[in-house]
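Me: I would like to go through the labels used for this model and ask what each one rests on. Please set each value against its cut-off.

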Amino acid sequence: MSEWRSSKAKRVLVALKSIGWRVKRQSGSHKILEHSDFPDVVFAFHDGDELGPRMLARLAKHTGLKPSDL
C-alpha cells in the first residue's frame with residue numbers, strides 16, 4: 001500500500017510552497033514552479049482537482065515533497 005493519500009491540488013501547492021517552491025509564471029491553470037535545488041516543474045492542476053497517490057508519488061520524485069509535508 002502506498003504511503004501517499006489523495007489530496008486536493010490546492011493543498012499540495014501550499015505544501016510545495018512551504019518547502020521552498022515558488023510560482024515562477026502562470027498561464028491559465030499551468031503554473032511553472034521553481035526551486036533553487038531542483039529543475040522547474042509544471043503544476044497543471046486546478047485547485048479543486050483530487051490528486052491520487054500515484055500522481056503524488058510522481059510529483060514527489062521531482063520536487064522532494066514528502067507525505068509528512070501534506
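Me: Why does Arg22 count as partly exposed?
Reply: Buried means under 20% relative accessible area, exposed means over 50%, and partly exposed is in between, with a 1.4 Å probe and protein chains only. Arg22 has 48% relative accessibility, so Arg22 counts as partly exposed. This is a predicted model, in which local features need pLDDT of at least 70 and side-chain atom pairs count only at pLDDT 80 or more, while totals for chains, interfaces and linings use all residues. Residues are numbered from 1 along each chain as its sequence is written, and side-chain values use heavy atoms, with hydrogens and water left out.

Me: What makes the contact between Glu34 and Arg22 a salt bridge?
Reply: A salt bridge needs a side-chain nitrogen of Lys or Arg within 4 Å of a carboxyl oxygen of Asp or Glu. For the side chains of Glu34 and Arg22 the N to O distance is 2.3 Å, and they meet in a salt bridge. Glu34 lies in strand β3 and Arg22 in strand β2, so the pair ties together parts that are 12 residues apart in sequence. Strands (E, at least two residues) and helices (H or I, at least four) are DSSP runs, numbered from the N terminus.

Me: Why is the link between the side chains of Glu34 and Arg22 also called a polar contact?
Reply: A polar contact is a pair of N or O atoms within 3.5 Å; within protein, one must be able to donate a hydrogen and the other to accept it, and residues adjacent in sequence count only if both atoms are side-chain atoms. The two side chains are joined at 2.3 Å.

Me: Is Glu34 buried or exposed, and what does Glu34 touch?
Reply: The relative accessible area of Glu34 is 18%, so this residue is buried. Leaving aside residues up to four places away in sequence, Glu34 touches Gly20, Trp21, Arg22, Lys24 and Asp40, where contact means heavy atoms within 4.5 Å. The strand that holds Glu34 is β3, and five of the six residues of β3 are buried.

Me: How many salt bridges does the structure hold, and what are the others?
Reply: The structure holds three. In one of them, the side chains of Asp40 and Lys24 meet at 2.7 Å, N to O. Asp40 lies in strand β4 and Lys24 in strand β2, so this pair ties together parts that are 16 residues apart in sequence. Asp40, at 40% relative accessible area, is partly exposed, and so is Lys24, at 41%.
The side chains of Lys8 and Glu50 form another, at 3.5 Å, N to O. Lys8 is in strand β1 (residues 7–8) and Glu50 in strand β5 (residues 50–51), so the pair ties together parts 42 residues apart in sequence. Lys8 counts as partly exposed at 41% relative accessibility, and Glu50 is partly exposed at 47%.

Me: How do you know that β3 pairs with β2 and with β4?
Reply: Two strands pair if DSSP finds at least two bridges between them. Five bridges join β2 (residues 22–27) to β3 (residues 30–35), and these strands run antiparallel. Four bridges join β3 to β4 (residues 38–43), again antiparallel. Arg25 stands opposite Ile32 in β3, and Leu33 stands opposite Val41 in β4. β2 and β3 form a hairpin with two residues between them, and Gly28 in that turn has a positive phi of about 70°. A hairpin also joins β3 to β4, through two residues.

Me: How many aromatic pairs are there, and why is the pair of Trp21 and Phe38 called stacked?
Reply: A search of the whole structure finds two. Rings of Phe, Tyr and Trp (its six-membered ring) pair if their centres lie within 6.5 Å; planes under 30 degrees apart count as stacked, over 60 as edge-to-face and the rest as tilted. The ring centres of Trp21 and Phe38 are 5.6 Å apart and the planes are at 25°, so the pair is stacked. Trp21 sits in the loop between α1 (9–18) and β2, and Phe38 in strand β4, 17 residues apart. Trp21 is buried at 3% relative accessible area, whereas Phe38 is partly exposed at 31%.

Me: What makes Phe43 and Phe45 an edge-to-face pair?
Reply: Their ring centres lie 5.1 Å apart and their planes are at 75°, so the pair is edge-to-face. Phe43 counts as buried at 1% relative accessibility, and Phe45 counts as buried at 17%.
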